[in-house]
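I opened a new page today to keep a record of what I looked up, one topic at a time. My plan is to begin with the overall build and then go to single residues.

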Amino acid sequence: MKYLVIHCTATPEGREVSSSEIRRWHTSPPPSGRGWKQVGYTDMIHLDGRVERMVDNNEDANVDPWEVTNGAAGYNSVSRHIVYVGGCDKHMKPKDTRTEAQKEALKRYVRDFHERFPQVKIVGHHELNPGKACPSFDVAAWLRSIGIRQ
Ligand SMILES: [Zn+2]
């Protein structure tokens, strides 16, 4: 594993999204979905800060084939992808919509992750794919603000 990639669901501020919706968007055949064989994220952080596991993971430093999620083409075999619900304003423009509970949950998550896997770089999706705004906030600056140096 080389990257922990942070994403947003690219849904409007304040709107909850269920894991089954995300799974359907990603894995249903086109045109209703993207037709991927696996959903894009391992864990999902809901508006209330609840962390939901979407794809099994044995929490070791290797990305086993059954752990692969499809969050960023070209990086999936060496990445874990996580997502927070939100990331857009009501006009669907990129916006950091993280609730206080989501910020707390994400902070706990990345601190714990960084402690266990200090060699794994934590990035925002757009750092791997500059064409994307995802996750709608500056991950490097936020990591510094919570005391994670990498
Ligand atoms: Zn993304």
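Before listing any elements I wrote down how they are assigned: helices (H or I, at least four residues) and strands (E, at least two) are DSSP runs, numbered from the N terminus. With that in hand I read the order of the elements from the N terminus on as β-β-α-β-β-β-β-α-β-α-α, and this gives the protein four helices and seven strands.

I also noted what kind of model this is: it is predicted, local features need pLDDT of at least 70, side-chain atom pairs count only at pLDDT 80 or more, and totals for chains, interfaces and linings use all residues. Residues are numbered from 1 along each chain as its sequence is written, and side-chain values use heavy atoms, with hydrogens and water left out.

**Entry: overall build**

I looked up the extent of the protein and found that its C-alpha atoms fill a box of roughly 40 × 35 × 30 Å, taken along the principal axes.

A contact means heavy atoms within 4.5 Å. Among contacts between residues at least 6 apart in sequence, 63% join residues at least 24 apart.

**Entry: cysteines**

How many disulfides does the structure hold? I counted a disulfide as a pair of cysteine sulfur atoms within 2.5 Å, and the structure holds zero of them. The sulfur of Cys88 has its closest cysteine sulfur in Cys8, but the two are 5.9 Å apart, too far for a bond. Cys88 is buried, at a relative accessible area of 7%, and Cys134 also counts as buried, at 13%.

**Entry: cis peptide bonds**

I found a cis peptide bond from Pro30 to Pro31, with omega near 5°, and noted that Pro31 is in the loop between α1 (19-27) and β3 (43-45). Another cis peptide bond joins Cys134 and Pro135, where omega is about 10°; Pro135 has its place in the loop between α3 (125-128) and α4 (139-145).

**Entry: positive phi**

Next I looked for positive phi in residues other than glycine. Ser136 has a phi near 70° and is found in the loop between α3 and α4, where it counts as buried at 17% relative accessibility. Glu59 has a positive phi of about 60° and is found in the loop between β4 (51-53) and β5 (79-84); with a relative accessible area of 27%, Glu59 is partly exposed.

Is Gly124 buried or exposed? Its place is in strand β7 (residues 121-124), and its relative accessible area is 0%, so I wrote it down as buried. Not counting residues up to four places away in sequence, Gly124 touches Val5, Ile6, Cys134, Pro135 and Val139. The C-alpha atoms of Gly124 and Pro135 are separated by 6.1 Å, although the two residues are eleven apart along the chain.

His46 lies in the loop between β3 and β4 and is buried, with a relative accessible area of 2%. Leaving aside neighbours within four places in sequence, its contacts include Glu16, Glu52, Val85 and Gln102. I also looked up its separation from Val120: the pair is 74 residues apart in sequence and 24 Å apart in space, C-alpha to C-alpha.

Asn76, in the loop between β4 and β5, is buried too, at a relative accessible area of 12%. Beyond residues up to four places away in sequence, Asn76 touches several residues, among them Val63, Val68, Thr69 and His81. Between the C-alpha atoms of Asn76 and Gly40, which are 36 residues apart along the chain, I noted a separation of 9.1 Å.

Definitions and conventions:
Buried means under 20% relative accessible area, exposed over 50%, partly exposed in between (1.4 Å probe, protein chains only).
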